Amino acid sequence: DVSRLLHVPTSGAASAGASAPRHRTSLQDHELELALDTVLLEQARPALERGEAVEIDMPIRNVHRTTCTMLSHEIAARHGSEGLPDATIRIRFEGSAGQSFGAFLAKGLDVTLIGDANDGVGKGLSGGRIVISPPEIPDYVAENNVIVGNVALYGATSGEMFLRGQAGERFAVRNSGATAVVEGVGDHGCEYMTGGRVVVLGTIGRNFAAGMSGGIAYVLEGSEHGSVERLLNRDTVAIEPMLAEDLQLVRQLVHRHHQRTMSPLAWRVLSGWKQQSRRFVKVMPTEYMKVLAQRPSLAPTGAPPSRVSLSPSSSVLLERKV
């Protein structure tokens with residue numbers, strides 16, 4: 001009997017809304033035709049229909065929310081979860097992006113933003129790649145400033161993110177498979193993370209890795225960054241020794257971070273790798289470690305694509321003159 005839930009008041013202050021509709025009487029207009037994605041969909045049509053490589057360059061403002069999400073939907077509708085081949089659609093934005101920039105970004109999308117972004121960057125990331133760097137401004141130190149808001153990479157399942165600058169609170173919460181390099185995070189970083197790899201080249205806030213049950217976080221430790229152990233939530237995770245494969249993976253990811261963002265911080269880490277590599281701390285869930293000890297075959301490699309090379313003959317980094 002739900003009559004009490006459906007009761008309509010006939011007296012008192014609550015009776016003022018007695019005549020109000022209790023079902024939909026008009027259609028909502030979300031003004032989707034005004035979304036930036038309508039332009040992206042048109043320009044990306046050769047890629048969507050024929051698989052041709054496409055490059056797009058356009059400005060963006062903070063009124064543009066969930067940019068690239070309608071485009072990702074179209075990729076998924078046409079090509080399923082496999083998406084498109086890596087970087088089939090390359091998009092370069094310049095400006096300040098609104099909320100949920102790159103949400104649910106599909107495989108085949110390689111998105112670069114020169115500027116900054118609001119909350120929710122890359123939430124639900126689904127195989128795409130997001131790179132965000134600030135514009136080149138004299139005396140501006142990107143590693144000391146926040147470049148994206150809170151809950152970036154929330155619930156991501158796959159894909160990559162490279163941020164030249166710091167992220168807000170709750171970075172990579174519930175990440176289950178994406179890879180990221182960031183130059184600092186706020187409180188509750190990697191909270192409830194179940195998979196993926198996160199490299200933090202800077203400060204972490206309090207309650208780091210709370211409820212983390214999978215994946216691995218690598219944090220650049222040092223007196224200037226504070227103590228990782230002091231800020232760590234030790235309920236489910238522990239600090240583990242860096243193995244040779246960990247160091248190789250971190251170096252490759254930092255190398256790619258430098259290639260895509262030209263980060264001075266990444267350059268300093270790589271150029272002084274012998275000393276800098278000793279500062280990395282490996283944060284890993286204790287139960288996850290127990291499972292891997294019993295069944296090593298379950299361990300995801302988390303390694304970058306094989307095209308990455310650190311040899312002196314092919315490395316852009318090693319050819320760069322400082």
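Is Glu136 buried or exposed, and what is its relative accessible area? In this predicted model, Glu136 is exposed, with a relative accessible area of 63%.

**View 1. Salt bridge between Arg164 and Glu136.** The closest N and O atoms of the two side chains are 3.1 Å apart. Arg164 belongs to the loop between β6 (158-163) and β7 (166-167), whereas Glu136 belongs to the loop between β4 and β5; the partners are 28 residues apart. Arg164 is buried, with a relative accessible area of 7%.

**View 2. Salt bridge between Asp110 and Arg129.** Here the closest N and O atoms are 2.6 Å apart. Asp110 is in strand β3 (residues 109-117) and Arg129 in strand β4, so the pair ties together parts that are 19 residues apart in sequence. Asp110 is buried at 2% relative accessible area, and Arg129 is buried at 6%. Both residues belong to one network of salt bridges with shared partners, which also includes Asp86, Arg90, Glu160, Arg256 and Arg260.

**View 3. Salt bridge between Arg78 and Glu74.** The N to O distance is 2.8 Å. The two residues are 4 apart in helix α3 (residues 69-79), a separation of about one helical turn. Arg78 is partly exposed, with a relative accessible area of 38%, as is Glu74, with 23%.

**View 4. Aromatic pairs, of which the structure holds 2.** The ring centres of Phe93 and Phe101 lie 5.6 Å apart with planes at 80°, so this pair is edge-to-face. Phe93 and Phe101 are both buried. For Trp273 and Phe280, the centres lie 5.9 Å apart and the planes are at 45°, so this pair is tilted. Trp273 and Phe280 are likewise buried.

Terms used. Residues numbered from 1 in each chain as written. Predicted model: local features only at pLDDT ≥ 70, side-chain atom pairs only at ≥ 80, totals over all residues. Heavy atoms only, no water. Phe/Tyr/Trp six-rings, centres within 6.5 Å; stacked < 30°, edge-to-face > 60°. Buried < 20%, exposed > 50% of the residue type's maximum accessible area, 1.4 Å probe, protein only. Salt bridge = Lys/Arg side-chain N within 4 Å of Asp/Glu carboxyl O.
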